[in-house]
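Hi there,

Here is the structure I promised to pass on. Have a look at it first, and my notes follow just below.

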Amino acid sequence: MPTARRIAHEFLERRGLTTIFGNPGSNELPFLAELPDSFRYVLGLHEGVVVGMADGYAQATGKPVLVNLHAAAGSGNAMGALTNAVYSRSPLVLTAGQQVRPAIGMEAMLANVDATQLMRPLAGWSGEPSCAADVPRSLAQAVFEAELRRCPTYLSVPYDDWSAELDANAAVTLDREVRRGLTPSEDQLTDLVEQVKAARNPALVLGGDIDTAGLFDRAVALAEHLELPAWVAPSPFRLPFPNRHRLFRGVLPAGIASISTALAGHDLILVLGAPVFRYHQYVPGPYLPEGSKLVQVTDDAGAAARAPMGEALVADPGVVLEALLARIESRTADAEEHFVPNPEPATAEGALHPEQVFAALRDTQAADTSYVVESTSTNSAWWRQMDLRHESSYFFPASGGLGFGLPAAVGMAMGRPDRPVVGVIGDGSANYGITALWTAAHYRVPVTFVILRNGTYGALRWFGTLLGTENVPGTEIPGLDFSRIAEGYGVPATSVTELDDLHAQLKSTSDGPRLIQVDTQPTTPE
Ligand code: TZD
Ligand code: CA
C-alpha cells in the first residue's frame, strides 16, 4: 500500500507543484525523503526570503507554489513576507512539519502548538490532518483553496504521518479536478454595459489583478476602444497598463480626498480588478467626487464586501472586459501617437538623482524586462522615467512589507526564465531579504540587483513631514556597503557613483546574478 508521502509527492507532481521553496528542519525531513527527481528544492536561508521567492515565482507563473517551513519558528519568520502574498493574492501553499502526534499535546520541543491558528488571519485557510489517512486530502485542500480563492494557505503535518500506509481511498484525491468560472449573468452584463454607454465622461481604474490575470493587453484594447482615460488603482503591486500610453493618467494617489480630486469630473468610475481602494496616507474627505458613481468588478468577494462605497460585481474582470469590448461601439479617436515621450531626468548635487538611474535602466535594459521594485521614496521618479509597455513589467510589495524585492526578483527569474529580471531595491529594503543573494548565487539565477544607496529610510523622512514628526530616531542607515555584502554571499558586485559608469555596468551582461550599488540623492515619493 502506498505511503502518505508517496501519494502526496504524486499529487504535487501531477499538479505541477514540483519547485519547492523551503528551509527545512527535523520535522520536515520525512516529507522530503524519497522526493522524486522531477522535484527541485530551492533552499532559502531565512523563511521571509523563502516566502518572498515563492511569491515572485507564483506571480511569474500564475500557479500555486509549495513552500516548506520549519514548525512554528520557521512559520513565524515567514509571517511578515506572507502579508505581501495576501494582497498580491499569490497562491502560496505553506507546509510546516509538526512533531509526531503523541508529542504534540505535551508540547515537546518543536511541537507547533495550535498550529491551525498560528498563521491566521494571513493564511486564508489553514489545517492539520485529523489522522494520517487524511493527509492527501488535506494537502489537496490546501492547494485548491489557494488556487480557487487566490490566497496563501497553511498545512501543518505531524511527521509520523508521512510513512503511514494508506488504502485506495486516500489516492482518489489524485484524480480530482477543481475549476472555477465567474461569468456574470446576462442581466448583470446588460446593466453594466448600459451604465458605461450612458456615461458622459467615464474613467477606468485598473488594479494589479488585471496584470495577474494576463489582461494587460486587453485593458489597453478596452481603453482605446472606448477612449477611456486609464488610472492605476492606488498602492499598485503590479502594473496593469502601459505607463506612457496616451490614455494613461497615472497611479492614483492613496488618500481618500486625493482620489476624489484626481477623478473629479468623471460621472462613472469603472474599477476592474482592484480593491476600492488600497488607501495609505490618511487624507480625509469625500470618497468620490461630486456627481460620480463607482462600479467595481472583481473576482475577490472580500474586496467587494469591504469597500466603503460604490456598486460591486463579483465576477471575472476578463469576462466583463470582453463584454464591454464586444457590446459597445468603438469611440476610438484618430490618435496618431500612442506613447508619450520621456521627460529629461532631474539631476542632483553630490550623487545621482533616482530619475537618472531609472532613465539609465530604461535606456539600457530590454523593453520586456520585469522590474521588482522595493524603493519607497522614489515612486514619482520611477513613473516619470520608466516606459513599461509589457505585461508583468512591474512588481512591488503588495502589503508594503519590506523584504519582498530581493527574494521576489530571484523567484521571478526562476519562474520565467524567458524574461530579464531587474530588482530595484533601496538600501533600507535590501537588508530584510538580503540572504536571497545566496540563493541567487547558489542556483546561478540570472538577475540584476540595483541597490539605491541614499543612506536613509527616505520614505520615513517624507512621512515625518506629513505627520508632523520630523527628526525622530531610527531613520538613518549610513555605513552599509552592499558590494561587499554581495561578494560575501557569492554575488559579483560593483559600486558606482557616476552616470557613465552606471551606463557601462548596465550595458554589460551576465548569465548569473550581479549587484550594482548606486549612490543616490534622497528624494520624496510624491
Ligand atoms: N519594516 C517592514 C518589514 N516593512 C516596512 N514597510 C517598514 C519596516 C517601514 N518602512 C517603510 O514603510 S519605508 C521604509 C521603512 C523602513 C524605508 C525603506 O528604505 P529604502 O527606501 O532605503 O528601501 P527609500 O527610498 O530610502 O525610502
Ligand atoms: Ca534608502
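Predicted model: local features only at pLDDT ≥ 70, side-chain atom pairs only at ≥ 80, totals over all residues.

Let me start with a pair of helices. Helix α15 (residues 354–364) packs against helix α21 (residues 499–507) at an angle of about 35 degrees, and their axes are 10 Å apart. The crossing of α15 past α21 is right-handed. On the α15 side the contact is made by Gln356, Val357, Ala360, Leu361 and Thr364, which meet Leu499, Leu502, His503, Leu506 and Lys507 of α21. By type, the residues of this contact comprise 6 nonpolar, 3 polar and 1 charged.

Six strands form an open sheet in the order β9-β8-β7-β10-β11-β12, and the pairing is parallel. At the edges sit β9 (248–251) and β12 (311–314), each of which pairs on one side only. On average, neighbouring strands of the sheet are turned by 20 degrees against each other, ignoring direction. For a closer look at one pairing, take β7 (residues 202–206) and β8 (residues 230–232), which run parallel to each other and share 3 bridges. There, Val205 has Trp231 in β8 as its bridge partner. A helix also lies across part of this sheet: α14 (residues 317–327) covers β10 (268–272), β11 (293–298) and β12, and runs at about 125 degrees to β11.

Now for the metal site. Which protein residues donate to the calcium ion (ligand 2)? They are Asp427 through OD, Asn454 through OD1 and Thr456 through its O atom, at 2.2 to 2.3 Å from the ion. Written as a sequence pattern, the donor residues are spaced D-x26-N-x1-T. Asp427 and Thr456 link distant parts of the chain, being 29 residues apart. Asp427 belongs to the loop between β15 (421–426) and α18 (436–442), while Thr456 is in the loop between β16 (448–453) and α19. Are these two residues buried or exposed? Both Asp427 and Thr456 are buried.

That brings us to α19 itself, which spans residues 458–467. Its buried residues include Gly458, Ala459, Trp462, Phe463 and Gly464. Just after the helix comes Gly468, with a positive phi of about 70 degrees.

I hope this helps you find your way around.

Best wishes

Definitions and conventions: Residues numbered from 1 in each chain as written. Chains lettered and ligands numbered in written order. Heavy atoms only, no water. Buried < 20%, exposed > 50% of the residue type's maximum accessible area, 1.4 Å probe, protein only. Helix = DSSP H or I, 4+ residues; strand = E, 2+ residues; numbered from the N terminus. Pairing = 2+ DSSP bridges. Axes fitted to C-alpha atoms, helices over the stretch in contact; angles between N-to-C directions. Contact = heavy atoms within 4.5 Å. Donors = N, O, S within 2.8 Å, 3.2 Å for Na, K, Ca; no water. Left-handed = near helix turned anticlockwise from the far one by under 90°. Nonpolar A, V, L, I, M, F, W, Y, C, P; charged D, E, K, R; others polar.
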